[in-house]
Amino acid sequence: TWGTQSGAPLPSTGQPGRGAEAMDLHFQGVGGDSVATLHCDPLTTGLEVRRALSGVVRTPLPLLKLLWQGEVLDDTSTLAALGIDGELPITMLRESAARLGLLPCFNGLYLGWEEEGGGSHVFEMVLDSLEYREDDREEEGSVTGVIHYRYVSGIFGKSTTGKRARDYVRGTVQESGDIELKGYECQPPHGLIC
C-alpha cells in the first residue's frame, strides 16, 4: 500500500473539483491479487496515476498498463471523467521488456555506422529489436541483446573489409522509453571474424 507521506492526494492538472473528495485507488494484478493503493484527487489524469504507480511497483512507465472496465486507461482523461470513484479496483499489467517493439523508436532492424580512431576505422552496426530479451537476473525493465559490427573501411585495408564482430549488451528501459545499453562481452574477444 502506498500514498504520499503527507497523506495529500496526487496532484491534478485540472481545477479543484466541486465538492469532490480525494479517494484511495486500489490496484490489482491480473490474478486479482492486491498490488498497491494510491491516494488520488478526482482530477488526476491517467498518466499521473501511471507515473506514480510506476515508481511504487518499480516498473518503467512504458511497460505499465492500467485496465478499467476492460479498456486501457486513457492517459489524458481525469479519474472523474472516466467515472473512477475508488469503489472498484483497477487492474495493472506489466508488459514484458522482451516486447521492446511496444516502445517508441525501437521496433525493427536498424543500420548505422560507427567511426573509431578519428575515422581510421569505420564499422557498419546493426541492431535487430527481435534479438533483445528481458533479463530476469537484473532489475525490472532490464534487457539483453546484440549489436552486430562489420568492418567497412579503414587503415587495415581490403583484407579486413567485411569481417564481423558481435557486442553483447545489457541495458535498462528508461521511463522515457529510451534504452541505455552497455557491452559486457565481445565475440571474438580480440580482432574480427570472417
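Q: In what order do the elements of the chain run from the N terminus on?
A: Helices (H or I, at least four residues) and strands (E, at least two) are DSSP runs, numbered from the N terminus. Here the order is β-β-α-β-β-α-β-β-β-β-β-β-β, with two helices and 11 strands in the chain. A word on the source: this is a predicted model, where local features need pLDDT of at least 70, side-chain atom pairs count only at pLDDT 80 or more, and totals for chains, interfaces and linings use all residues. Residues are numbered from 1 along each chain as its sequence is written, and side-chain values use heavy atoms, leaving out hydrogens and water.

Q: What percentage of the residues in the chain is buried?
A: Buried means under 20% relative accessible area, exposed over 50%, and partly exposed in between (1.4 Å probe, protein chains only). Of the 194 residues in this chain, 37% are buried.

Q: Which residues have the most contacts inside the largest nonpolar core?
A: A nonpolar core is a set of buried Ala, Val, Leu, Ile, Met, Phe, Trp, Tyr and Cys residues joined through side-chain atoms within 4.5 Å. The largest one has 18 residues, and Leu 25, Phe 27, Val 49, Leu 53 and Leu 66 have the most contacts inside it.

Q: Which element supplies the largest share of this core?
A: That is helix 1, with four residues. Elements that each supply at least two core residues include strand 1 (23–28), strand 2 (34–40) and helix 1 (46–57).

Q: Which residues are in contact with Leu 25, leaving aside its neighbours within four places in sequence?
A: Contact means heavy atoms within 4.5 Å. For Leu 25, the partners include Ala 36, Leu 38, Val 49, Leu 79 and Ile 90.
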